[in-house]
Amino acid sequence: MADKDTNKRRTFDKVPTKICQYGTDCYRKNPNHFKELSHPHLESILTESPKGKYRIPDELSMSREVVAEQLKIIAQLYPELESNPPAKQPKKDDTPTAVRKVKAATPLKPDKMASSPPKTKSPATPSGAPSKGNAVADLFAERRARMAKQQQEQKKVEAPPPAQQPSSSSQPPKPTPQTGVSLKKVIPRNIHDYYPVVAPKGKMAAKLAAAAPYNMFFTTITDAPVTHREPLSVTFQELLDPSLGELECSVQMNFMVDIGWLLGHYFFAGYEDRPLLILYGDESPELKTVSTKKPNVTALKVHIATPFGVHHTKMGLYGYTDGSMRVVISTANLYEDDFHNRTQGLWISPRLPALAEDADTGAGESRTGFRESLITYLNSYKFAQLAAWVSRIQRTDFGEVNVFFVASIPGGHLNTAKGPLWGHPRLGYLLGKHSAPIDDACPLVAQSSSIGSLGPNPQSWVLSEIMASFRRDSAPIGLRRVPAFRMIFPSFSNVRNSHDNLLGGGCLPYMRATHEKQPWLKDHLHQWKSDCRNRTKAVPHIKTYCRWSHRGLYWFLLTSANLSKAAWGVYNKSAKFEAPLRINSYEVGVLFLPKFVIDENFFPMESKSSGDNKHPAFPMPYDVPIIPYAPEDSPFFMDYLRG
């Protein structure tokens, strides 16, 4: 269709000459994108349709709503296109050579399509709205478009799936546009045909019990079969496993949600009609309309005042029919690619029973104060739909939780009577109160899938704020050295050698322009290597922070927060009185402190060959010792995928 549209295309001097490399799969709604790149298939629709009455071809029916919005944007930018200007010759393919080679070498199968990572500045803007520019969110959107197109093609040849239970409503269902949400038409008969890795049913509770006391897992890697059988590897389907309890209702909080993929899991678990509340950051037509197709699903977009923040939290709340519940905190978006060939981390709480009706108000809190922190976080959304969950959590026994809840919420924050509540000061407060004394020779090791603008030198933010918080322990305050800073971030060679070649870097939104403004960071960068977890070739989307010595691991944080000011916060030093902490994004993580998990001063990092282990080794996601970049190494930049 692209060639046909190009031949029919009308010319206009202001229309960009460079053609968008995604062609008819382009899903963007960012006006800046249409100022930079031409879309012949859309421009031909404008020139050949009556003004305002666009004739959208059947081939684009899966994304008809999106195409209509794109047409409105182009019509506003280039109104002359609707005035029938003369034809323009087709232009040669401007796709960068390196990207063309990657695409040729790596077919875009349903489980191998490039997408971008969750860390972005803001969701794509609606038509006609001013845009701050959002390359990463746009890449996410194109991934959805390709999936939708493939699902449309597959529906033509697939046998109809088993019928669902009739709706409790007496009203006949209204016809709805095909957006990939209707499970009746998209879900195949066999779960193995829909998800590449499927674990045996009924065994997750035993797997969780065996993972104690850490309860930390990693997602399976599709192209690494050895990970499908590992005791600490999980699929999303296992979070709905019947052995964990019969699900009554649930909440999914995330940045990116592929609603068809997510509801497919609930369908196969037998929970397609159970109440599901979704809080999301990245907008899509499917999420906006899901409640019209699935009345049991409520999807709420989390709006953030600043364009530099996102709803980046990745957390699930699972309520069971016996009154108990469970909390899952992870680093993965609810999206096929994030559970494919990427290294992700998850903390899964024990099953938390309901308190007795006559229990004291303060009963059921953990030693770590997890319940109170979780409630404070949920209340920050100010969503009435969360009120029932807050009430349920207050009536739940969190006594078995042995980790701390560490989160960020957008806004300006001051210390409270209970100390700082959010961002890097919150972590520093907990370490200063509970961490065993740590030798200053032990470096801080940060590892994330994105790196923000950290400043022209280490003192700009990393040393002055991050290290000031992350270096803390319970030793008396005195003259001490600032620990060394180490950063694990995949190099170009790491990504090139990954399961998905360069396309594996689609979850690493670090831009060359940002790196060139902070050249000092190169001296602190280390390779991604995870032979211990069979995940060296699985690009890390996991985010972790920790400190260790030869004695062991002093603390470990698993979180959604990348190393950025938007995620962790930065002090407003120009304030006249107390400097407030400014945070732009929602983030959630869990802090493991040995004192609360194994009643020791540090976690063991190696299993003793004698088998006489008092405690199991902590499940580190990467190999220790870590390996610095070689002089010829450079970080992987998203620019490699964008040309």
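Cys532 comes out as partly exposed, at a relative accessible area of 41%, whereas Cys546 sits at 0% and counts as buried. (Buried stands for under 20% relative accessible area, exposed for over 50%, and partly exposed for anything in between, using a 1.4 Å probe and protein chains only.) A search of the whole structure for disulfides, meaning pairs of cysteine sulfur atoms within 2.5 Å, turns up 0. The model is a predicted one, where local features need pLDDT of at least 70 and side-chain atom pairs count only at pLDDT 80 or more, while totals for chains, interfaces and linings use all residues. Residues are numbered from 1 along each chain as its sequence is written, and side-chain values use heavy atoms, with hydrogens and water left out.

Next come the strands. Strand 1 (residues 216-219) is covered on both faces. Met216 and Phe218 are buried on one side, and Phe217 and Thr219 are buried on the other. Strands here are DSSP runs of E with at least two residues, helices are runs of H or I with at least four, and both are numbered from the N terminus. Two strands pair if DSSP finds at least two bridges between them. Strand 1 runs antiparallel to strand 9 (residues 345-348), and 3 bridges join them.

Helix 13 (residues 387-394) has its own set of buried residues: Trp389, Val390, Arg392 and Ile393. These residues are on the same side of helix 13, because they cover an arc of only 160° around the axis. (The arc is that of the directions from the helix axis to the C-beta atoms.) As a rule, an α-helix has 3.6 residues a turn, so residues three or four places apart point the same way. And what covers the buried residues of helix 13? The cover includes strand 3 (247-253), strand 6 (315-320), strand 7 (325-330) and helix 12 (370-379).

Arg392 also takes part in a salt bridge, with its side chain meeting that of Glu248 at 3.0 Å, N to O. Glu248 belongs to strand 3 and Arg392 to helix 13, so this pair ties together parts that are 144 residues apart in sequence. Arg392 is buried at a relative accessible area of 12%, while Glu248, at 35%, is partly exposed. A salt bridge here needs a side-chain nitrogen of Lys or Arg within 4 Å of a carboxyl oxygen of Asp or Glu. The whole structure holds 14 of them.

Another one joins the side chains of Asp273 and Lys294, at 3.8 Å from N to O. Asp273 lies in the loop between helix 10 (259-269) and strand 4 (276-280), and Lys294 in the loop between helix 11 (285-293) and strand 5 (297-301), so parts 21 residues apart in sequence are tied together. Asp273 is partly exposed at 45%, but Lys294 is buried at 9%.

Glu465 and Lys573 form a salt bridge too, at 2.7 Å, N to O. Glu465 is in helix 15 (residues 462-470) and Lys573 in the loop between strand 18 (570-571) and strand 19 (581-583), so the pair ties together parts that are 108 residues apart in sequence. Glu465 is buried, with a relative accessible area of 3%, and Lys573 is exposed at 59%.

Finally, the aromatic rings. The structure holds 37 aromatic pairs. Rings of Phe, Tyr and Trp (its six-membered ring) pair if their centres lie within 6.5 Å, and planes under 30 degrees apart count as stacked, over 60 as edge-to-face and the rest as tilted. Tyr381 and Phe383 make a stacked pair, 6.1 Å centre to centre with 15° between the planes. Of these two, Tyr381 is buried at 7% relative accessibility, and Phe383 is partly exposed at 24%. Trp528 and Tyr622 pair edge-to-face, 6.3 Å centre to centre and with 70° between the planes. Both Trp528 and Tyr622 are buried. One aromatic cluster is formed by Trp347, Phe370, Tyr377, Tyr381, Phe383, Phe398, Phe405, Trp422 and Tyr586.

Key. Contact means heavy atoms within 4.5 Å.
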